[in-house]
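Here is a short briefing for a first look at this structure. Keep the sequence and the 3D view open while you read.

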Amino acid sequence: MGRRAFVGLAALWLGLAGSAAAARDPWNLRCPSMPREQVLPAPLAHAERAFAPWGVAVPRGLAAGPVYLVAGSYRTSISRDGDFTDSDGDYLHRVLVAVAPSFTGPIAITGRGLGGGSGSTLGFSTDGAIQCAVRRLGVSCRPRPLSFATRLEVPRGTGWRIVRTELRIGRTGCFQLTASGRGLGETIPLAVPGP
């Protein structure tokens, strides 16, 4: 094989190896579904501004039917920068889960990683979310012990039902939240990039 042919094959191999590595790049996830966030209805946008006063001017979130997930995401991807970790090293990410007035029945929310394996189940804080506030030039949060469950129960009610919680995330990857209730079975994708 001539030198020119060898260099061409080596370049082709490096290009293929590079594209394969990019496909496995944990910072550049490609999940089955990564929709754009929607502008939030006014009551939920107001709750998001109070929950995260450092947020964007027009709060957005992911929605499926009457269920919303507000996690500071972009195309379902969340940033864990600044998130606290628990004693197991799992990240804790502040989120709002909301149910629109159009659905009044109880809802159970669960979350799992796509692809399975250990650490693929999401946990939900049963003690609410960590308190955070904007102070001078930064955000100040007060961590505290939290209890977690694999299901977040949203009781029956009228009007907007908004739950402030922490997601316990054990690993990087593509996830799916499922909202189940009578006559309801909605899914919301969530991508967790990083190492």
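The lining of the largest pocket divides by class into 14 nonpolar, six polar and nine charged residues. The model is a predicted one.

**The largest pocket**

- The largest pocket holds about 740 Å³ of space.
- Its lining is made up of 29 residues.
- Nearest the centre of the largest pocket lie Glu 48, Ala 52, Trp 54, Ala 71 and Gly 72.
- Two elements give two or more residues to this lining: helix 2 (42–51) and strand 5 (91–99).

**The cavity**

- The count comes to one cavity of 30 Å³ or more.
- The space in the largest cavity is about 50 Å³.
- Its lining includes Val 67, Tyr 68 and Leu 69.
- By class, eight residues of the cavity lining are nonpolar, two are polar and one is charged.

**Aromatic rings**

- A search of the whole structure turns up one aromatic pair.
- The partners are Tyr 68 and Trp 160, and the pair is tilted. The centres are 5.6 Å apart, with 55° between the planes.
- This pair links distant parts of the chain, since its partners sit 92 residues apart. Tyr 68 is in strand 3. Trp 160 is in the loop between strand 11 (151–154) and strand 12 (161–169).
- Tyr 68 has a relative accessible area of 12%, so the residue counts as buried.
- Trp 160 is partly exposed, because its relative accessibility is 24%.

**Charges over rings**

- Arg 80 lies over the face of Tyr 91, at 4.3 Å from the ring centre.
- Arg 94 lies over the face of Phe 51, and here the distance from the ring centre is 3.9 Å.

**The chain as a whole**

- The secondary structure comes to two helices and 14 strands.
- The chain has 195 residues, and 38% of them are buried.
- Take the contacts between residues at least 6 apart in sequence: 69% of these join residues at least 24 apart.

**Two alanines to find**

- Is Ala 191 buried or exposed? Ala 191 has a relative accessible area of 0%, so the residue is buried.
- Leaving out residues up to four places away in sequence, Ala 191 touches Leu 29, Cys 31, Met 34, Thr 76, Ser 77, Ile 78 and Gly 173.
- Ala 191 and Arg 30 are 161 residues apart in sequence, but 8.5 Å apart in space, C-alpha to C-alpha.
- Is Ala 50 buried or exposed? Ala 50 is exposed, because its relative accessible area is 57%.
- Ala 50 sits in helix 2, an element that gives two or more residues to the lining of the largest pocket.
- From Ala 50 to Ala 133 there are 83 residues in sequence and 9.3 Å in space, C-alpha to C-alpha.

Definitions and conventions
Residues numbered from 1 in each chain as written. Predicted model: local features only at pLDDT ≥ 70, side-chain atom pairs only at ≥ 80, totals over all residues. Heavy atoms only, no water. 1 Å grid on protein atoms, 1.4 Å probe; cavity = no way out; pocket = protein on both sides within 12 Å on 5 of 7 lines; lining within 4 Å. Points joined across faces, edges and corners; volume = space filled by probe spheres on them. Nonpolar A, V, L, I, M, F, W, Y, C, P; charged D, E, K, R; others polar. Phe/Tyr/Trp six-rings, centres within 6.5 Å; stacked < 30°, edge-to-face > 60°. Helix = DSSP H or I, 4+ residues; strand = E, 2+ residues; numbered from the N terminus. Buried < 20%, exposed > 50% of the residue type's maximum accessible area, 1.4 Å probe, protein only. Lys NZ or Arg CZ within 6 Å of the ring centre and 35° of its normal. Contact = heavy atoms within 4.5 Å.
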